[in-house]
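Here's a short tour of a structure, written for someone new to reading them. Have a look at it first, and then we'll walk through a few of its features.

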Amino acid sequence: MSLYGGAVKRPIMTTLCFVAVVVLGLFSLSTLPIDLYPDIETNTLMVMTTYQGASAQDIEQNVTRPLENTLNAVSDLKHITSDSRENISVITLEFEYGKDIDVLTNDVRDKLDLISSALPDDAETPVIFKFSTDMIPIILLSVSATESTPGLYKILDDAVANPLARISGVGSVSISGAPKREIHIYVDPARLEAYGLSVETVAQIISAENRNIPGGVIDIGSDTYSLRVQGEFTSSDRMADIVVGSSGGRNIYLRDVARIDDSLEERSQTTYNNGERGAMIIIQKQSGANSVEISDKVLKMLPSLQKRLPSDVKLGVIVDTSDNIRNTIDSLVETVMYALLFVVIVVFLFLGRWRATLIITLTIPISLIASFIYLAITGNSLNIVSLSALSISIGMVVDDAIVVLENVTTHIERGSDPKQAAVHGTNEVAVSVVASTLTLIAVFFPLTLVTGMTGVLFRQLGWMVTIMMIISTICALSLTPMLCSLLLRRVNHHGRLYTLLFTPVNKGLDGLDNGYARLLRLVTRHKTVTILLCMATFVLSLMLMGRVGTEFFPTADDARLSVNLELPIGTRVEIADSVTSRLVAEWREKYPEIQVINYTTGTASSDNTFASLSDNGPHIVSMNIRLSDPGDRERGITEIAGLMRRDLLAYPEYKKARVNVGGNMGGMGGQASVDFEIYGYDFAQTDSVADRMRRMLASLPGTADITVSRADYQPEYQVDFDREKLAIYGLNLSTAANALRNRINGYTASRFREDGEEYDIKVMYSPESRTSLADIENILIYNQQGRGVRVRDVGKVVERFSPPTIERKDRERIITVTTVVEGVPMSQIIQQATAEIDRMDIPQGISVQLAGQYEDQQESFADLLLLAVLILILVYIVMAAQFESYTYPAIIMTSVLFAFSGVFFMLYLTGHTLNVMSMIGAIMLIGIVVKNGIVLIDYISLNRERGMSVTRSVIQGGRSRLRPVVMTSLTTILGMVPMACGTGQGAEMWRPMGAAVIGGLTFSTILTLLFVPALYCVFARNGIKNQRRKHHRSLRAAQKSAQS
Amino acid sequence: MKAVFIAFDQAHYHNIIDILDRLSCRGFTSWQQVNGRGSDTGEPHYGTHAWPSLASAMMVMVEDRRLDALLQRLSELDAERPKLGLRAFSWDITRSI
């Protein structure tokens, strides 16, 4: 028995099947996490190696290069980039998308094991980081404190960070801006020398004294006791009494040669919140955990945490990413609801019966809810992509049900009982319903096959829509006929309200039908003119194509700005602080939209991984700004960012300034930027090219925040040891260099334990004895025999400049010149810049490449174009199979051309650009617009099969199919209107998609209604003429053979 | 005994069975899906793209006294839903086993 036959016969079973689906779907919905994007599996691994005290060049030579050479052999590697800066080497491995990152991680680990022995001894073991969107902090908390500042780290660690880290799903909680306790043993070099002691000896003695050693067990009488020596210091000042040596028969205590300073790290990051000194707590989630849920828990916990803190410590929220997620999802849900409402209204107006409207609209929630089951099973979330898929589908899932209902109604009107009509009516259209769903699946299923970034984003869209389409078809073939058999009546009694409401509507629709029939008569009479006019519009739209700019992703207003400021290199952190506090005061006054403004300066300590991953240093300021909600302010985020950029021009103290829109979200959502990569080994040459490039870009309109990635040369003192002299004194370079390091950077002698926490005990020269070059030259290095040699006797201290960060990409040195695109499409800047670059005189051995978002955009566009071609072929195949003809599908496919025209017209009119979102819209159109053509051609050819003439078939067919075509197009268009006009948070992202679909579908529907009939006439006439010719030929041949 | 051949739109099937039951006409043979078209106005029932509807056919053996009532009921049904199509033809049965 057929699906519909069974469904009509067993209404209870059918109903309950769908009830089960809905219940399961709603259950899945309740378990679905909310997120901004689908879980983007990371394709990036980072290898971080710290080597304290080494300059960028040392790191490049000794750490980065050997690592790069080994890691380059890992398979599926796309790009290998590295940053070698003071103290740290960060290598980023970018792999092809869609590879198993765990396997790759193991490969990388194996390679690292191979090389680790070749790295310098003091370099720490390379650490592998998987970087995914999960790493982006979900909440930044601000902490302000006054009296408690010195002990802030411990207070926050105990009372805030630890409880927060216990929340399930919270990955890591790091504190920045609150320096850690550290115990410094500041030795006096003169006294050390007098007693013949060295920093190393002192450190070793401290380490030897600060020990707890178990002494085994001892039996006494009938008991067993354990024996221990508890020698660890119980308080830091106890160390003063350690004997570090003896001189002239007298003990030398540590207090005689050093000062014990139990305080904070010497160099650390400082954080200011709304102009007040404080700290920042960074909360990251565990991979796969739900940000919204965690942030809810964190925010709920804050008041109770606040109670446990000293009264001067105040917690606040700087950035809560879940806010943006929630608002975005809310505005999308609103969009979906509006779309639903519009579709219901259209269906009701066209059908004019509430029962029919009910039957049709029931398909929408069922199909939509069923797709939640898929999301839950695959572990996905409710996000922009999945919700857009719902919004897109609302207009399309009703189409099948409408076709079925229409045919069932026709049967009923002819006299069938609803039950019979439901079975036979559905039977007649089942094949074409399945075929039209197949055309849509031909469009959306290939979306699941796209690779790269776009693929990651749109795979879910493809699956969701495909599943919804399949469910809606099953619904149309089972639930809809079942409901028709139960709800539809042979005789309709209309109330007075109906007459009042629908008489004008019906009159209008009839008028439309008649008007279209008249227009079709005109079209069939002037076929050539119609075809030429339509083609002319298409050509015209192609000309517009050049005027519509292109970019990667639209800029989203997520009320978040991040500002990176750089003072000239080597500037002391105090100066950075004072300039920035002036700037913050100005901005807080100028922009009332600013809710929280927070900035951090200074060098991050190596154990704060979050901070050391981002750029840091005494001259670098990184700022986070939270603005009020987009709906509550008049100025958009890009406008405010633009004004801030102008303000920054008045601060010549900042060498570099960059205002990032949308935080740092990676390719999506932020303001578009263009990267020019300059490859070349020679620093001077690449610098000069970069500088010329920077000036050239600055002269172009629409560029802002032009930054050259390579920082300025950092002045540094280098000690050039004379190896011969070193050898004479029985020293070697590393002993000498380590001695230097221990005195200036400090020697971590041991760890001081208190209340279960460990603090470093660092032995180093006292700050006042390391302030001049003479201090360095006077450093005494002891050899094996215990003889001291001064640095100036074995080497020279010279001032040199070295680049602070050496960036490499694919094992070549690189400088990236980046410009933010402001107010113009990205394509415009690229066009002008490439023309300028061609004119530039670039030295040999240096190459310039466009990369960054442009590369991503090119890749995505190429992927999408390939996809479009694939989809066109698939759609053609489905249609050709359905019509059993090569010509009809070709005629129908012409509507795709007009869809693209419409997209360009609409993008031009609304000022949107051609970006990934609008391209996805255009691709979806392929499936949507051919449906109109199918409905039209199908009915016209049906008329011809029934024996009508070509013209009559076209006019009759067009007239009777106008309503379904307009109705299905209107449901899709109106379903997209809330998307295109959305003003909520994140709406910028899907507005171009909505605009593209509306423009394309409207334009193509109108032109298809004229062009397709005209083209059909031409082809059909030619077909008839050919047949006649053949017939005449065979007749003549028959005559000839008869005569002969 | 009379033989009645009824050709009708599929949708009539249940109504016709109903009529037969009411008139206590027990014996019949039916073909669920047949193609055909009426001589004058009848719309073709081909089950094709152009003419998607299908017809059924039924051969009913009735006693002479029930024939009139049957034809009467059938023509009423046809009149009620003229667009569907229903025709009946009867002839004598000369012998049977």
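Predicted model: local features only at pLDDT ≥ 70, side-chain atom pairs only at ≥ 80, totals over all residues.

## Where the two chains meet

Let's start with the contact between the chains: chain A puts in 12 residues, and chain B puts in 10. On the chain A side, three helices each bring at least two residues to the part that touches chain B, namely α12 (384–414), α13 (418–444) and α28 (916–945). The top contributor there is α13(A), with four residues.

What kinds of residues make up the side of chain A that touches chain B? Sorted by class, that side has five charged, five polar and two nonpolar residues.

For the complex, the predictor reports an ipTM of 0.88 and a pTM of 0.80. Chain B has a mean pLDDT of 91, and 100% of its residues reach 70 or more.

## Two helices crossing in chain A

Now find helix α14 (residues 452–487) and helix α26 (residues 853–883), both in chain A: their axes come within 7 Å and cross at roughly 60°. Because of that angle, α14(A) counts as oblique to α26(A).

Which residues do the meeting? From α14(A) you get A:Gly452, A:Met453 and A:Thr454, and across from them in α26(A) sit A:Asp856, A:Glu859, A:Ser860, A:Asp863 and A:Leu864. By class, the residues of this contact between α14(A) and α26(A) split into three charged, three polar and two nonpolar.

How values were computed
Residues numbered from 1 in each chain as written. Chains lettered and ligands numbered in written order. pLDDT = per-residue confidence, 0-100. Contact = placed C-beta atoms within 7 Å. Nonpolar A, V, L, I, M, F, W, Y, C, P; charged D, E, K, R; others polar. Axes fitted to C-alpha atoms, helices over the stretch in contact; angles between N-to-C directions. Parallel < 35°, antiparallel > 145°, perpendicular 65-115°, else oblique.
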